[in-house]
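Work through each task with the structure open, then read the solution.

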There are 2 protein chains.
Amino acid sequence: MGVYISGIGITKFGKSKDSLETMMAEAGLSAMKDAQLERVDAIYIGVMNAEEFVGDSNFATLLADTLGLAGVPSTRVETASSTGAGVFETGFYAVASGHMKNVLVLAGEKMTHLPTAQTTRILSEVIDRSERRYGATMPALAALIAQKYAQEFGLSIQKLEDILSEVAIKNHSNGFLNPYAQFKKRITKEDYLRSQMVSYPLRLYDCAPITDGAAAIILTSQHSPVMVSGVGHATDTSAVSHRASLTSFNSTKEAAVKAYGMAQLNPSDIQFAEVHDAFSPFEIIGTEDLGLFPSGEGWKPLIEGKTQLRGTLPINSSGGLKSRGHPVGASGLAQLVEIVFQLRGEAGEERQLERAEVGLAQSIGGLGNNNFVTILERSDRKRVTREGWRLLYHPDIKVSKKITRMPSSRKAGILETFTTLYATPEGFRSPLTLGYVKTENGEMVMACNPDYRSPKELKMGRRVFLTTREGLYVFEKFTLSNLLKRWFKGPSKSQQAL
Amino acid sequence: MGVYISGIGITKFGKSKDSLETMMAEAGLSAMKDAQLERVDAIYIGVMNAEEFVGDSNFATLLADTLGLAGVPSTRVETASSTGAGVFETGFYAVASGHMKNVLVLAGEKMTHLPTAQTTRILSEVIDRSERRYGATMPALAALIAQKYAQEFGLSIQKLEDILSEVAIKNHSNGFLNPYAQFKKRITKEDYLRSQMVSYPLRLYDCAPITDGAAAIILTSQHSPVMVSGVGHATDTSAVSHRASLTSFNSTKEAAVKAYGMAQLNPSDIQFAEVHDAFSPFEIIGTEDLGLFPSGEGWKPLIEGKTQLRGTLPINSSGGLKSRGHPVGASGLAQLVEIVFQLRGEAGEERQLERAEVGLAQSIGGLGNNNFVTILERSDRKRVTREGWRLLYHPDIKVSKKITRMPSSRKAGILETFTTLYATPEGFRSPLTLGYVKTENGEMVMACNPDYRSPKELKMGRRVFLTTREGLYVFEKFTLSNLLKRWFKGPSKSQQAL
């Protein structure tokens, strides 16, 4: 059964005085009004962590009641930071089953009311325990990936800085035109360079902010101007270190293959996209994983201006997570609301794209391990015949392998990537240097380094010593003096201080 | 598209040393083995509160990875204590959509590792804030309902005791035969009466225990011996005080109407049922709400032995939540695993029911506000023609009305029901007397009473004074001395002590 979109709603993103249920009800009721509905057959709500952010369980019920719809079935759906896309997918299948005619899909999060350290701790719970215990945060893992991307594709640190800043500048420029965005200000390269280092090389302007907000969509089996052409969803290993590649996300690639397949569309058919830019490097990697640009070259069209509003393939016309804001549970659905705005020609004179008949949204859950790709299309779009359609996108999916054996006897390895984290979670000293080390038998492990605080002292691809301390791996430079220390004096003082 | 069940799995319920993901993976892999599958198209996992019970977010991803299925789409679903039924419903629609062939539905909870006071606090977060702030717990709300049921249907406290104890005795007797049950012991009326009072009149044996456990089901579009005939789901007001009736659950009734309608079956077709007996009175109310027995008379067939294993309509052959145990997120799915055991004739010689071709499960989310009814059937069952089928079940659904105006000026009302709670949550003194008071304009509010600690001193249906203190309603006996005190001396000391 075909699934269409007949209504959308979104709150102003930012710091809100409203409760989570009030924000979500506002978005939900405005979507119902837009669809001219007074009742729906079911409500699907997406909230990532109402338990810890607002101290409530049973939130699906509270929402139905707050909407004045007590009685209507209401279910909560969660897939970490892609929850908004996840709840959309769940609602899609409910309507596609033919058992439901109109479904309200609703997503939100309230985050700004807590101290930042607490918010950071809650957000870090999506990270695999094996990496979380090192003090790894989401920005730290994103930084490890950004560094590796630069090394793998031969980009200097200056070049990387140019690229990342360009993502931030473009998205802030788009968000400036979005009335629902948290940050309605343009930024310059100087603003970017002045912004605080969060986890080397990622700065504040590389990271999506902490945001309150909600978004809503009505899915329906009734023919409507916007249709859902394809949905795709895939997971990846919980730990980043278990993956075969650090510079692309299998979960996006597999989700994309499914979404393109269901839609019978190819990457070349996509006219614009919302790409999960919780961290600047993820926008680049996302456009590559989606097959929109070649692997390792996603930054080129960005630098050339092709992904700007008036470019050939606009990315994040909304301002993205970075500028519109990132209420974790809501972002995936807010992306889809933006796609609908564009498809309907309702994005406002300055933000409205010229070509807006097929749009795609990509959402990342956790550190790239619960991702979604969703394709929406104008129902009146003229299609070439589907007969003989073939998927021309065949991504290189490097199968992740779960490592269960602890390589405790390994003494040396290669430093694959590293970061220096400045905004550490509670209980960890700052700065904190973290890295991924590939051991001699090919296993990759997270490790920390208590000695080297300046990122300039470390180099990717170099040999390092690997020792363990209190159940954590510690890496140190592979030098003769370290070698002698290890042989004659036991662990160094710096390790003991860890 | 028809939806069938091709595999089931369940862990031993009780206190487990395994992690939540290990337990869930065990149940999931055993269901996949049962269905002879090595891969599925999607995983739907139900956990009520992994965030606070085990400190993990992004649990859907962790599960896929633990199962060795990283890559496969995995989504977490939650509807409070009916989560297991909720995740089954979500998986049902996914398969019914025709987009998926085999789906793994998996539910679990780990609860026993935390101190009881902390577990109680976490469980209480499903209660509406307006009632939670009085110190109301799930047992306290269930006790308020049990008391009202006795009053409304003219049962003495001794009669109520007979009825409630009979639920506990029957379910423990069934659980004794269930290899997966937490409590494998029969209890007597004397055991029941000796058990600790939790919230008057509910004793320890009236309340489901704290449990670790997991259950799993494979849903498939391929014809299999067990089919899903009907699923129904409905919500009700978040606050119990906003409901028109305290002695039945609209959410069960509405869910039942939907499930019977989809299955084209009537209550008289149901041969056995699993009914959510988190508290003994809920089994009685459940069988009435499902149309299995007349309203106010659900206790009669229980007393007559008709709901026992060898009775005409066995209820909770598994031992129910009370004896099998109640890992909150898992229970709704564990009920369905029991129905499948029975339909397949695999419940074991002593527990196997004679007539087991159509079974029903009812699951309660929160305090009766996110409920599910699911009907499973043997695929080879001979049906009379569906032509001219009519639903013969027309429950009296009293529409709940949300009260927004605070009746702060009300001075008197009727004490609708009350309880004395002994196992109070952190921060509340014990015992704590709570009640629902209907004010003169017909609004019902929760109120507490600092004076009367013995339940024998209070009577339902009597007039009480209603005052407010620190934002909470306080009720006291309507006596001349209280009247004079209020008029001449201001609030009583006992109120100040609150």
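A:Y393 has a relative accessible area of 8% and is therefore buried (under 20%; exposed is over 50%, partly exposed in between, with a 1.4 Å probe and protein chains only). The model is predicted: local features need pLDDT of at least 70, side-chain atom pairs count only at pLDDT 80 or more, and totals for chains, interfaces and linings use all residues. Residues are numbered from 1 along each chain as written, chains are lettered from A in the order written, and side-chain values use heavy atoms, without hydrogens and water.

**Exercise 1.** Classify the ring pair of A:Y260 and A:Y393.

*Solution.* Rings of Phe, Tyr and Trp (its six-membered ring) pair if their centres lie within 6.5 Å; planes under 30 degrees apart are stacked, over 60 edge-to-face, the rest tilted. The centres of A:Y260 and A:Y393 are 5.6 Å apart and the planes stand at 75 degrees, so the pair is edge-to-face. A:Y260 is buried too, at 0% relative accessibility.

**Exercise 2.** Classify the ring pair of A:Y180 and A:F341.

*Solution.* Here the centre-to-centre distance is 5.8 Å and the angle between the planes 15 degrees, which makes the pair stacked. A:Y180 is partly exposed at 28%, whereas A:F341 is buried at 13%.

**Exercise 3.** What rotation and shift superpose chain B on chain A?

*Solution.* The superposition is by least squares on C-alpha atoms of residues with pLDDT of at least 70 in both copies. The rotation is 180 degrees and the shift along the axis 0.0 Å, with an RMSD of 0.0 Å. That is the relation of a two-fold axis. In chain B, the C-alpha of B:S97 is nearest the axis, 1.8 Å from it.
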